[in-house]
2 protein chains.
Amino acid sequence: MKAVVTVTLKPDVLDPQGQAIQHAARFLGYDAVRDVRQGKRFELTLEPAADREEAAALLSELAEKLLANPVIEDFRVESIES
Amino acid sequence: MKAVVTVTLKPDVLDPQGQAIQHAARFLGYDAVRDVRQGKRFELTLEPAADREEAAALLSELAEKLLANPVIEDFRVESIES
C-alpha cells in the first residue's frame, strides 16, 4: 500500500527558504516568479490495511505525531493506493 | 497563477532522513510503516503567463536549474492553476 502525505507551513508562518529561492529565481532572470513556499512530501509504503479508512486514519495520526509540527505546519493525506 | 512542483530523490539514491522517520514510526508502534521516502514540494506563485505550455516550460526550467539537483533528484510539475 502506497501513500503520499504533504506537509506545508501554515499560511501565516514565514518561509525564509522559500524567499531565498524566490530571490535566486529573480537573480537568474525568472522575474515571473512572485512567491515560493517550500513544503515536504512523504511517500510511505505501508503493510496492506483492512480498508482505505483505516489507512487514512493511521496516516493522519502519523502525520500529526511524526511528520508535521502542528504548531506551524498543516498536513494532508494526498493519495492512498493499494 | 499558482503551480506545484515536487522534487523526489531518484529511486536508487539512499534516503537516510526517510529511514530515520521509518525507524521512529516503528519505535512509536506504527509497525505497518514499511518504508518512507522524503521529498520536497514547492508552491509557486507566478505572473500570469500567455498559456499553460509557457508556464509549464518555465517551471521545468526553474526546477532543473534551481529546485532540484538533477544528479540525484527527479522533479515533476504537479499542477498549474490560473
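So, through which surface do the copies meet: the same one or different ones? Keep that in mind while I walk you through this one. It's a predicted model, by the way.

Let's start with how the chains sit relative to each other. If you take chain B and rotate it by 180°, with 0.0 Å of shift along the axis, it superposes on chain A with an RMSD of 0.0 Å. The two copies are therefore related as by a two-fold rotation axis. If you want to find that axis on screen, look for Lys40(B): in chain B, its C-alpha is the nearest to the axis, at 2.3 Å.

Okay, back to my opening question. Of the interface residues of chain B, 100% are interface residues in chain A as well, so the copies meet through the same surface. On the contact list we have 33 residues of chain B and 33 residues of chain A. Between them, the two chains bury about 3,000 Å², and carbon and sulfur atoms give 61% of that.

Now, charges. Side chains of opposite charge can pair when their charged atoms come close. Between chain B and chain A, the count is two salt bridges. Have a look at Arg34(A), which forms a salt bridge with Glu47(B); the closest N and O atoms there are 3.1 Å apart.

Over all chains, the count comes to twelve salt bridges. Here's one inside chain A: Lys10(A) with Asp74(A), where the closest N and O atoms are 3.0 Å apart. Lys10(A) is in the loop between β1 and α1 of chain A, while Asp74(A) is in strand β3, so this pair ties together parts that are 64 residues apart in sequence.

The most comes from β1(A), with four residues.

How values were computed. Residues are numbered from 1 along each chain as its sequence is written. Chains are lettered from A and ligands numbered from 1 in the order in which they are written. This is a predicted model: local features need pLDDT of at least 70, side-chain atom pairs count only at pLDDT 80 or more; totals for chains, interfaces and linings use all residues. Side-chain values use heavy atoms; hydrogens and water are left out. Helices (H or I, at least four residues) and strands (E, at least two) are DSSP runs, numbered from the N terminus. Copies are superposed by least squares on the C-alpha atoms of residues with pLDDT of at least 70 in both. Contact means heavy atoms within 4.5 Å. Buried area is the accessible area (1.4 Å probe) that two parts lose on being put together, summed over both. A salt bridge is a side-chain nitrogen of Lys or Arg within 4 Å of a carboxyl oxygen of Asp or Glu.
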